[in-house]
Amino acid sequence: MVSGGAGFIGSHLCTRLLERGHEVVAIDNLVTGSVANVRHLRSDPAFTLIEHDVSQPIQIEGEVDYVLHFASPASPIDFPSMPIQIVKVGTLGTYHMLGLALAKGARFLLASTSEVYGDPLVHPQPESYWGNVNPIGPRGCYDEAKRCAEAFTMAYNRAHGVDTRIMRIFNTYGPLMRTDDGRVIPNYFRQALTGAPITVYGDGTQTRSLCYVDDLVTGALAVLDGPDPRPVNIGAQDEVTMLELAQIIKRVAGSSSEIVFRPLPEDDPKQRRPDTTRAREVLGWEPTVSMEDGLARTLEYFKTALSVTR
Ligand SMILES: NC(=O)c1ccc[n+]([C@@H]2O[C@H](COP(=O)([O-])OP(=O)(O)OC[C@H]3O[C@@H](n4cnc5c(N)ncnc54)[C@H](O)[C@@H]3O)[C@@H](O)[C@H]2O)c1
């Protein structure tokens, strides 16, 4: 069972789980996801999509081996427009998905986030770092809901013995991202492919590490199959500045867009990079897709999604 299965990461995850021979039930209220993301799976008898808000209770017939909780709007553009839904899906949604895992005796995987580290004071961030989060800022609805989701998960693990796993996902990109979700990769590709100016926030020296979605999904399954409930960072190690990324995307897309600078949004983290020692040593996981390759594959998707012919 995959909550958020019609989202960007969730749909890739459903595809991979079906390839692994599982039956997959995706539960999604389509608030930021889309039926189009799972259209290629609809004819597979092993795949079912249930339209449902997981912040409300749900009963599922039959056996469930795994509950993968990926439902949550994840883009900063969603934070001001749906802060209550975001808090609810991180808290109540997690509670209901944990309840389902408990009732079914299923292993539970939480899709947590690097946002639990907030604007970190430690670089790179190991799982042992507790974070630097502003609970009342514009990102608080997401960051604190995910921190609560982790606390809920450990509470169910300790109090009810639910077999839980937590992955902390760092910035991920690839095909099926929403073209208008406000995150840096869709922004830059849209601007580069339509000839609009590419907007870099601040002076562009803030960095991100960007993981291609195929690597991320491999990491999710490694965490799921992993040995213990400790959180595991899953993300790319290589850091790129936002100005460098604008230049790379401009080049990959063969764009003549100019690069312009805009004020940095409030609470925008200056730097984020995972320490992935645990993923490497405990799970044997490392990203394998280079940024050049990942961006080339993503370019093809954005060209089609934006119907740009070049
Ligand atoms: N994309 C990233 O870089 C990233 C980084 C860190 C963490 N994550 C986490 O990974 C998960 C997936 O993120 P994504 O980038 O694919 O986002 P997404 O918005 O594409 O996918 C989220 C899915 O959850 C669904 N959803 C939201 N609220 C729901 C609810 N109450 N009930 C049922 N379905 C609901 C949405 O409709 C959507 O299909 C999220 O939990 C997110 O917090 C993503």
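A residue counts as buried when its relative accessible area is under 20%, as exposed when that area is over 50%, and as partly exposed in between. By this scale arginine 107, at 21% relative accessibility, is partly exposed. The structure described here is a predicted model.

## Salt bridges

In the whole structure, a search finds 14 salt bridges. Side chains of opposite charge can pair when their charged atoms come close. One of the bridges joins aspartate 163 to arginine 107, with 2.7 Å between the closest N and O atoms. Because aspartate 163 lies in the loop between α3 (140-160) and β6 while arginine 107 belongs to strand β5 (residues 107-113), the pair ties together parts that are 56 residues apart in sequence. Aspartate 163 is partly exposed, its relative accessible area being 33%.

A salt bridge is also formed by the side chains of aspartate 214 and arginine 297, at 3.4 Å from N to O. Here aspartate 214 is part of helix α5 (residues 213-225) and arginine 297 is part of helix α8 (residues 291-305), so the bridge ties together parts that are 83 residues apart in sequence. Aspartate 214 is partly exposed, with a relative accessible area of 28%, and arginine 297 is partly exposed as well, with a value of 37%. Elsewhere, salt bridges with shared partners link Asp78, Arg178 and Asp180 into one network.

Aspartate 181 and arginine 183 provide a further case, their side chains meeting in a salt bridge of 2.6 Å, N to O. Aspartate 181 is buried, at 0% relative accessibility, whereas arginine 183 is partly exposed, at 25%.

| Aspartate 163 | Arginine 107 | 2.7 Å |

## Helix packing

Helix α2 (residues 83-104) and helix α3 cross at roughly 15°, and their axes come within 8 Å. An angle under 35 degrees counts as roughly parallel, and α2 and α3 are therefore roughly parallel to each other. The crossing of α2 past α3 is right-handed. Residues of α2 that make the contact include Pro83, Ile86, Val87, Tyr95 and Leu98, and among those of α3 are Cys141, Tyr142, Ala145, Phe152 and His160. By class, the residues in the contact of α2 with α3 comprise 13 nonpolar, six polar and no charged.

Helix α4 (residues 184-194) packs against helix α6 (residues 242-252) at an angle of about 40°, and the two axes are 10 Å apart. This angle makes α4 oblique to α6. The crossing of α4 past α6 is right-handed. From α4 the contact involves Val184, Ile185, Tyr188, Phe189 and Ala192, and from α6 it involves Met242, Leu245, Ala246 and Ile249. The contact of α4 with α6 has nine nonpolar residues, with no polar and no charged ones.

## Two residues and their surroundings

Isoleucine 166 is located in strand β6 (residues 164-169). With a relative accessible area of 0%, isoleucine 166 is buried. Apart from neighbours within four places in sequence, the contacts of isoleucine 166 include Leu109, Leu110, Glu150, Met154, Val223 and Pro231.

Threonine 218 belongs to helix α5 and is partly exposed, having a relative accessible area of 37%. A C-alpha separation of 8.8 Å divides threonine 218 from leucine 13, which lies 205 residues away along the chain. When neighbours within four places in sequence are set aside, threonine 218 is in contact with Arg16 and Trp285.

## Backbone features in the loops

Histidine 123 and proline 124 are joined by a cis peptide bond, with omega about -20°. Proline 124 lies in the loop between β5 and α3.

Leucine 30 has a positive phi, near 65°, in a residue other than glycine. It is found in the loop between β2 (24-28) and β3 (47-51), and leucine 30 is partly exposed, with a relative accessible area of 22%. Leucine 176 likewise has a positive phi, near 80°. Leucine 176 occupies the loop between β7 (172-173) and α4 and is partly exposed, with a relative accessible area of 22%.

Key: Residues are numbered from 1 along each chain as its sequence is written. This is a predicted model: local features need pLDDT of at least 70, side-chain atom pairs count only at pLDDT 80 or more; totals for chains, interfaces and linings use all residues. Side-chain values use heavy atoms; hydrogens and water are left out. Helices (H or I, at least four residues) and strands (E, at least two) are DSSP runs, numbered from the N terminus. Buried means under 20% relative accessible area, exposed over 50%, partly exposed in between (1.4 Å probe, protein chains only). Contact means heavy atoms within 4.5 Å. Axes are lines fitted to C-alpha atoms, for helices over the stretch in contact, and angles run from 0 to 180 degrees between N-to-C directions. Angles under 35 degrees count as roughly parallel, over 145 as roughly antiparallel, 65 to 115 as roughly perpendicular and the rest as oblique. A crossing is left-handed if the near helix is turned anticlockwise from the far one by less than a right angle, and right-handed if clockwise. Ala, Val, Leu, Ile, Met, Phe, Trp, Tyr, Cys and Pro count as nonpolar, Asp, Glu, Lys and Arg as charged, and the others, Gly among them, as polar. A salt bridge is a side-chain nitrogen of Lys or Arg within 4 Å of a carboxyl oxygen of Asp or Glu.
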